[in-house]
Amino acid sequence: MKIFLLTHERELHRGTNTGSLAIDDSNEIVERLLWERVNPNKELTRLIENNEAVLLYSMGESSETESLAVIEEYENIIIIDGTWQESKKIFNQSAYLKNAPQFTLKTENDSLYRLRANQPKGGLCTIECIIEVLKIKGQNKMASELSLKFDQFNG
C-alpha cells in the first residue's frame, strides 16, 4: 500500500502541516509529492490512467448520482495536502485528478485539529485522513502510533 500526499508548496514551510508527521514514521507507506500545476507527477497520472489509484476527496454534499470508489480495492491512495482553499485549487487546476476515482471518508467524529481555522464540518486534517485510511487498510499499529504523534503535535 502507498499513500501519496500531493502537497501544495506552501505546506512545506508551515509548522502546522500534519502530513509531515507521517512521512518519517510510516515505513515508506506515505510519500510526499510536490504539486505542480503545469507539470503533473508522471507516476500519479499513470496510476490514475490505469485505474490503480483512488483520490481521497470530497466535493461537499454528495449527490445520489455520485459514484464513490471502494478504497479497499486500491493499493494507491492520493491525499491532497494543503489548506482547504489550496486543496480545492489543486483539485480544480489538475484535470488528471478529476479522472481519478474518488473516495470520501465517512467519520462519526469531527476533526480534533486545533492549529488552523476555517475547517469545514466533517473535514479532517491530513494526518487524520492518513490515520483513517490506515485503519481501513488494517494497519492498526501504525494508525495508533500516528494518532499518538498527532496528539502530541496538536497539544
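**Figure 1. Six helices and five strands: the chain holds 6 helices and 5 strands.** Helices here are DSSP runs of H or I with at least four residues, strands are runs of E with at least two, and both are numbered from the N terminus. This is a predicted model, in which local features need pLDDT of at least 70, side-chain atom pairs count only at pLDDT 80 or more, and totals for chains, interfaces and linings use all residues. Residues are numbered from 1 along each chain as its sequence is written, and side-chain values use heavy atoms, with hydrogens and water left out. Starting at the N terminus, you can follow the elements in the order β-α-β-α-β-β-α-α-β-α-α. Of the 155 residues, 45% count as buried (under 20% relative accessible area; exposed is over 50%, partly exposed in between, with a 1.4 Å probe and protein chains only). Among contacts (heavy atoms within 4.5 Å) with a separation of 6 or more, 74% join residues 24 or more positions apart. Carbon and sulfur atoms hold 46% of the accessible surface of about 8,800 Å², computed by the Shrake-Rupley method with a 1.4 Å probe, where for residues only the protein chains shown count as cover.

**Figure 2. R14 meets E86 in a salt bridge.** The structure holds 10 salt bridges, each defined as a side-chain nitrogen of Lys or Arg within 4 Å of a carboxyl oxygen of Asp or Glu. In this one, the closest N and O atoms of R14 and E86 are 2.9 Å apart. R14 sits in the loop between β1 (2-7) and α1 (20-23) and E86 in helix α3 (residues 84-92), so the pair ties together parts 72 residues apart in sequence. R14 is partly exposed at 28% relative accessibility, whereas E86 is buried at 5%.

**Figure 3. E75 and K137 link two loops.** The closest N and O atoms of this salt bridge are 3.5 Å apart. E75 belongs to the loop between β3 (53-56) and β4 (76-81), and K137 to the loop between α5 and α6, so parts 62 residues apart in sequence are tied together. With 45% relative accessibility, E75 counts as partly exposed.

**Figure 4. K141 and E145 pair within helix α6.** Here the closest N and O atoms come to 2.7 Å. The two residues are 4 positions apart in the helix, about one helical turn. K141 is exposed, with a relative accessible area of 62%, while E145 is partly exposed at 38%. Elsewhere, salt bridges that share partners join R10, E11, R14 and E86 into one network.

Figure 5. A pocket is an open set of points on a 1 Å grid over the protein atoms alone, where a 1.4 Å probe fits and protein lies on both sides within 12 Å along at least five of seven lines; lining residues have an atom within 4 Å of a point. Of its 13 lining residues, L112, E128, I131, E132 and K135 are the closest to the centre. Helices α5 (126-136) and α6 (140-154) each supply at least two lining residues, and α5 gives the largest share, with 4. The lining divides into 4 nonpolar, 4 polar and 5 charged residues (nonpolar: Ala, Val, Leu, Ile, Met, Phe, Trp, Tyr, Cys and Pro; charged: Asp, Glu, Lys and Arg; polar: the others, Gly among them).

**Figure 6. N51 has a positive phi.** The angle is about 55°, although N51 is not a glycine. Look for N51 in the loop between α2 (42-49) and β3, where N51 is partly exposed at 46% relative accessibility.
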